[in-house]
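User: Please take a close look at one part of this model for me. I would like to know what surrounds it, and then hear about the ligand site.

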Amino acid sequence: MHKGALALLIHGGTENWSPQRWKRRFDDVCGDRRVALLPDAGFDPAEAQYAAVWKPAPGELAAFPNLRVIFNLGAGVDALMADSSLPKVPLVRVAVGDLTGRMTEYVALHVLMHHRQEPYLRASQREKRWQPKAQWPAGEISVGVMGLGTLGSNAAGALRHLGFRVSGWSRSAKEIDGIECFHGHAQLDAFLQRTDILVCLLPLTPDTRHILNRGLFSKLNRNSPLGAPVLINAGRGGLQNEADILACLDDGTLGAASLDVFAEEPLPPDGRFWTHPNVVLTPHNAADTDPDEISKYVARQIERFEAGGALENVVDPARGY
Ligand code: NDP
Ligand code: OXD
């Protein structure tokens, strides 16, 4: 009997999201299951029982009448949640050690960059200026991590090991060794008041859209060796009010920002973030999903599902993540 086909829909536009590269990896791990890279005029949509997708166009998945599971090829499912015609089948997201490790690298890199005054030191080098400023210890800096899920909790643990004071904020209550945990709207202000460097690893949902705004930035701690609070956002661009971030950087409400994600991606060439002296910008590559790891993850889940086992990391459509 034929195994149900896997339809691949990938619209990333960057090197990591080369559709052919993903197709080769899926062919390697799917054995005799047909893997169809869409668009493919010779493929009957009724054959697809599984879809593995990155940023499919709204309505694209509704064309497959026999889907059993959709696999999002990244951790964030906001693009899929915005599709009102999304088939009502389980939606699985990525939660694997490879991706988690990459995000922890990004967070540690950027927290350390601001803590160790790297922008000042690089400017000093360009200007041949031998004028080190006094350096404070990590234990004098409080890092607050918004989102204590797969990525946030791992990054928080790594920062703790580096010696920072670390707290975190989530929707539900948590207990994590060495991390001061806050949850829900009622505890947000207390979390912000002790935070010098704010790391955002929230998913984008109706509850979190534009949560990173002037009102929130003005509650962050201003009395740290950094002089002014720092924002690091690697969640989604929709979490941030970009006009507020720029205005807060200009008037000193924020001292600096590391931004990996933007409301419009790619960031348009005339965007002010490109040239703002206090912005460290990366092109949404804080944590790439690796085709080798993720194709194996999807193939394993399909095998287990067909053998009657449970799917892992299924999104709750009511929560939106
Ligand atoms: P998880 O679902 O594992 O964790 C989400 C966390 O956010 C949870 O702790 C959750 O709380 C918390 N949360 C959600 N809604 C709220 C809310 N309204 N108030 C307070 N806390 C809330 O997600 P991941 O850690 O795997 O990923 C987080 C996001 O990172 C992704 O959604 C994606 O957008 C982004 N990402 C970005 C990448 C990049 O390269 N820039 C790469 C990969 C992911 P609770 O624990 O109580 O449920
Ligand atoms: C993800 C991402 O959600 O890469 O995995 O942004």
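Analyst: Arg236 touches Trp54, Gly76, Asp78, Leu204, Val261 and His284, leaving aside residues up to four places away in sequence. Keep in mind that this is a predicted model. Where does Arg236 sit? Its place is in a loop, the one between strand E10 (230–233) and helix H8 (242–251). Is Arg236 buried or exposed? Its relative accessibility is 15%. Buried means under 20%, so Arg236 counts as buried.

Now the ligand site. Ligand 1 is surrounded by 29 residues. The closest are Arg93, Ser172, Lys174, Asp260 and Tyr321. What kinds of residue make up this shell? Sorted by class, 13 are nonpolar, 9 are polar and 7 are charged. Some elements supply at least two shell residues each, including helix H5 (150–161) and strand E7 (165–170).

Next, look at individual atom pairs. In Asp260, a polar side-chain atom lies 2.8 Å from a nitrogen atom of the ligand. In Tyr321, an N or O atom of the side chain is 2.5 Å from an oxygen atom of ligand 1. Ala287 takes part through its backbone: a polar backbone atom there is 3.1 Å from an oxygen atom of ligand 1. How much of ligand 1 does the protein cover? On its own, ligand 1 has 940 Å² of accessible area, and the protein covers 93% of that.

Note on methods. Residues numbered from 1 in each chain as written. Chains lettered and ligands numbered in written order. Predicted model: local features only at pLDDT ≥ 70, side-chain atom pairs only at ≥ 80, totals over all residues. Heavy atoms only, no water. Helix = DSSP H or I, 4+ residues; strand = E, 2+ residues; numbered from the N terminus. Buried < 20%, exposed > 50% of the residue type's maximum accessible area, 1.4 Å probe, protein only. Contact = heavy atoms within 4.5 Å. Near = heavy atom within 4 Å. Polar contact = N/O pair within 3.5 Å; in protein donor to acceptor, adjacent residues only side chain to side chain. Areas by Shrake-Rupley, 256 points an atom, 1.4 Å probe, with all protein chains shown as cover. Nonpolar A, V, L, I, M, F, W, Y, C, P; charged D, E, K, R; others polar.
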